[in-house]
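Here is a briefing on one two-chain model. Keep the sequence and the structure in view while reading.

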Amino acid sequence: MRIRLSELEPGEAAVIEDVVLPESERQLLIRFGFFDGAEVRCSRRAPLGDPVVYSVDGSEVALRTETACRIFASPVDRKACERTG
Amino acid sequence: MNQLLQTVPSLAAKSRQQIRTVALIGPPNSGKTTLFNRLTNLRQKVGNYPGITVEQHTGVMAVGDQEITIVDLPGVYSLNPYSEDERVAVNVLNGTMDGMPRPEAVLLVLDATNLTRHLSLAAPVIALGLPTLALLNMGDLLTKRSGSIDAVKLAGDLGIPVAIVSATMGTGLDAVGRFLQQADSPAHTTLPILQDVRECRKWAARVASESDYRPPLPPAWSRRIDDILLHKVWGPLVFMIVVGAVFQTVFGVGQPLSNALQDLLTEMAQKAAPFIANGFLRSLLLDGIWKGVSSVLVFLPQILVLFLFIGLLEDSGYLARAALIADRTMSFVGLNGKAFIPLLSAYACAVPAIMASRTIENKRDRLATILIAPFMTCSARLPIYTLLIAAFIPERPVVGVFLGTRALAMLLLYVLGFVAAIGTAKMLKSSVLRSTSAPFVLELPEYRWPTLRSVGLRLMDRGRVFVQQAGTVILFMSLLVWGLTNLPLHQGHPPALEDSVVAHLGHFIEPAIRPLGFNWKIGVGLLTSVVAREVIVGTLGTLYGRDPQTQSVSLQAALQHDLTFSGAMALLVFFAFAMQCTSTLAVVRRETNSWMWPAIQFFYMTGLAFLAALFVHGLLSAIN
C-alpha cells in the first residue's frame, strides 16, 4: 500500500518510496534524511495541527503538510514498529 | 550498492607545510560555533564575505609559539553549492574567495550523537585533499546516552585522524593543537560520487556501521518535555507566557536601563562641558559627536536584554518549538514560524529585531521579515505619539473605565503598524520574494541547559557588531545634521536656527508637506527625525522655544496653536509608517549587505506614510 507521508498518524512509521518535489527541494530534504529507502516515524503534530514532527535518523524534523503530502511511502506494519522502537 | 567510487589524489608532496590558516566546517547544530569560541578564546573578528549576506567569522588560535587563523565557515550539510552558505564554504575551501587565502588544513566538526547523518559531509571534505581532522563533538552526550564509536576504526576508514571532543566541556581539544603542528594529507581511501547525495548518505551509513557506531538512545526526557511544551493546550499557553515575558522584559527592564544610560551619558556630557572651551569645539564634540554616539548607545541595553532572551531560548532548544507553534499562524501572511520572534522584538526596537532575523535560514523569508519589521510600533514612536495624543485628543471614556479615547488612539496606531506589516509581507511574498524552492524544514534539537559562556559570548558578539556598524553610520548622520543646523557661519558664529541650512530645508520642503497639514517647523522635525523618530520632539521643542509667539507656552500648547486637528492626526499616521531611523537603515544595510534594500525600504515606507497622511488630512478636513 502506498500512502502520503502526511497521512501518517503519530506513532506510525513508513518507508519513503518517492519524493515528488522539485530537485532543489528534494536535495534539501535528503540532507534532513527524507529520501527513498529511509524509515520515518511520525512523532507528533504541532499544537495547531500543522507542521508535523517526524523522527528520522535519530533526530526530530518538522515538515509542513504541504511538503509531507508530496512524499509517498509504504507504511511499516505494527510488529516492525515495535522491533525498531 | 553503486560502486562508482573515486580515489583521493595523494598530496604527500604538499603535506607537512607550515599551516597558517585552517577552516572550521560542520553541519548546522554540530556545536561548531561553541568549538570556534573555545579554540579562539574570543580573539575573533566578525565581518561579511564580500558581496553577500553571509557573515564571516575569523579567529586566532595559539599553537605552540605560532598563531593560526581559524575561519569559521557557515553551517552546511554538503558541499553541493545549492545555498549561499554552501557556495561560501566551497569557495573558501577552494581558495577562490576574494581576499581570503586557501586554508592549508580543515577541522571537520560532526555531531557524535547524529553521526550517521553528519558523516555524509565527510566525503566531500576529505575529497578536497587537504589535511583534515574530524572532531566528533558532543562525545560526552554520546557516552551519557549509551552510544559509542570506535574512533580508531573510523579514522582508518576515513583516512584522516579522528578525535572525540566536547566543545561545551572543553575536553579532547588538545588533539587540535597536535594536529595543526603535524598535519598530514588524507590517506588513500574510497569515496562515493560526491554529486549523488543519496550515495553519500549510504556511504556514511556504511562507514558508521563499520566503525561500530552505536547511536545514542533517543533523548527520552527531551520527548517528555515536548509532550508538555507541544501539547495541544499547554503548548500554546506556555508559548504565550514566554512571548509575554520577552515583551515585558524588553519593555520593563530594557527600557528603564536605556533611560538610565541616557541620563548617565547626558550627565557625562554636562560634567565634561566646563573642560572644553566654549564655542565651536564644544558644540562639535558634545552636540555633534557625543549626542550622536549616545543616541546609538542607548539602544544597547534593550538589544542585550533581547539577545539574552533569544540566546537562552535558542540554546535551550525552545526557539525551534516556538517556531513550530507559530508557523501555522505565520503561514497566512506567507512567512514561516521562524519570523515570529524577530517580529515580536520589533515592538521594542527594529534594530535587534532585524539582527534576530538571522535565525531564519530561508533568505527570502528573512528579507521579507527585515523589510516589514520597522512597521511594528517601536518604543521610539512613543514620545511623539504621547505628545500629539495628549495635545489633540480629549480624554473620554469609550468602554467604561477600561478604555478611554487616548488609549484607543494609541491602540489604533499599534494596529495600523501591524496591518501595514502584514499587508507588506503578503505583497512581498506573493511577488518579488515568493519562495518557490525552499520548503519549511525545521529541526527540533534536543533540550539542553544553556551555558553562561555561550550566551555571554553571543551577547558580546551582537553588542560589538551593533556598536561598530550602526555606530559609524549614525555618527556620520548626526554630524551631518549638526553641521546643517550650524551653517552658514555668521562672522565665525553659528546662525540662529531660523537662518540655518536646516531651516532653509524646512521652508524648501514646506510646499510638499503643506497638503498633509504640516508647517515648516514640522518639516524640520521630519528632516531631523530621519536620524531617529524621537528626535522630532526635541527639535520641535527647540524651534517653538525660539519662536517669540510660542516661547512662553508648553510644547503641547504651542502645537495646539500651530497645528490643526486633521494635521495632527496626519502626523500621527505619518509616524506610524515612515522609515525614520538611521540605526535601522544601517542595520538593514549590514544584514542585507546592500544599499538597495534599505533604500527601497526608506522610499516605500516614507511614500506610504506620505500618501496615508495626505488621505487622513484630506478626509478629516472634509468632515470638519
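The points below go from the chains to their contact, then to selected elements.

The model is predicted. Chain A has 85 residues, and chain B has 624. The two chains meet in a contact that takes 28 residues from chain A and 28 residues from chain B. Strand S5 of chain A pairs with strand S12 of chain B across that contact.

**The two chains**

- Chain A holds three helices and six strands.
- Along the sequence of chain A, these elements follow the order β-β-α-β-β-β-α-β-α.
- In chain A, 42% of the residues count as buried.
- Take the contacts in chain A between residues at least 6 apart in sequence: 56% of them join residues at least 24 apart.
- Chain B holds 26 helices and 12 strands.
- In chain B, 46% of the residues count as buried.
- For contacts in chain B between residues at least 6 apart in sequence, the share joining residues at least 24 apart is 73%.

- On the side of chain A that touches chain B, helix H1 (23-31) and strand S5 (59-63) each supply at least two residues.
- H1(A) gives the largest share of that side, with seven residues.
- By class, the side of chain A that touches chain B has 14 nonpolar, seven polar and seven charged residues.
- S5(A) and strand S12 (residues 441-444) of chain B run antiparallel and are joined by four bridges.
- Within this pairing, Ala62(A) stands opposite Leu442(B), and Leu63(A) stands opposite Val441(B).

- S4(A) and S5(A) form a hairpin, with two residues between them.
- Asp57(A) sits in the turn and has a positive phi of about 60°.
- S5(A) is mostly covered, with five of its five residues buried.
- Which residues of S5(A) point one way, and which the other way? Ser59(A), Val61(A) and Leu63(A) point one way, while Glu60(A) and Ala62(A) point the other way.

**Ser78 of chain B**

- Ser78(B) lies in the loop between strand S5 (66-72) and helix H2 (84-94) of chain B.
- Is Ser78(B) buried or exposed? A residue needs 20 or more C-beta neighbours within 10 Å to count as buried. Ser78(B) has 24 inside 10 Å, so Ser78(B) counts as buried.
- Leaving out residues up to four places away in sequence, Ser78(B) touches Arg31(A) of the other chain, along with Glu86(B), Ser120(B), Leu121(B), Pro124(B) and Val197(B).
- Ser78(B) and Leu304(B) are 226 residues apart in sequence, and their C-alpha atoms are 34 Å apart in space.

**Helix H24 of chain B**

- Helix H24 of chain B covers residues 565-577.
- The 13 residues of H24(B) should span 18 Å at 1.5 Å a residue. The end C-alpha atoms of H24(B) are 19 Å apart, which agrees.
- H24(B) is largely enclosed by the rest of the structure, because 12 of its 13 residues are buried.
- The buried residues of H24(B) include Met569(B), Leu571(B), Leu572(B), Val573(B), Phe574(B), Phe575(B) and Phe577(B). Ser566(B) and Gly567(B) are also among them.
- These buried residues pack against four helices of chain B: H17 (382-392), H18 (405-429), H21 (520-528) and H26.

**Helices H25 and H26 of chain B**

- Helix H25 (residues 582-592) and helix H26 (residues 596-623) of chain B pack with their axes 8 Å apart, at an angle of about 140°.
- Why are H25(B) and H26(B) called oblique to each other? Over 145 degrees, an angle would count as roughly antiparallel. The angle here is about 140°, and H25(B) and H26(B) are therefore oblique.
- From H25(B), Leu585(B), Val588(B), Arg589(B) and Thr592(B) take part in the contact. From H26(B), Trp597(B), Pro598(B), Gln601(B) and Phe602(B) meet them.
- The residues of this contact divide into five nonpolar, two polar and one charged.

How values were computed: Residues are numbered from 1 along each chain as its sequence is written. Chains are lettered from A and ligands numbered from 1 in the order in which they are written. This is a predicted model: local features need pLDDT of at least 70, side-chain atom pairs count only at pLDDT 80 or more; totals for chains, interfaces and linings use all residues. Two residues are in contact if their C-beta atoms, placed from the backbone, lie within 7 Å. Axes are lines fitted to C-alpha atoms, for helices over the stretch in contact, and angles run from 0 to 180 degrees between N-to-C directions. Angles under 35 degrees count as roughly parallel, over 145 as roughly antiparallel, 65 to 115 as roughly perpendicular and the rest as oblique. Ala, Val, Leu, Ile, Met, Phe, Trp, Tyr, Cys and Pro count as nonpolar, Asp, Glu, Lys and Arg as charged, and the others, Gly among them, as polar. Two strands pair if DSSP finds at least two bridges between them. The expected span of a helix is 1.5 Å times one less than its number of residues.
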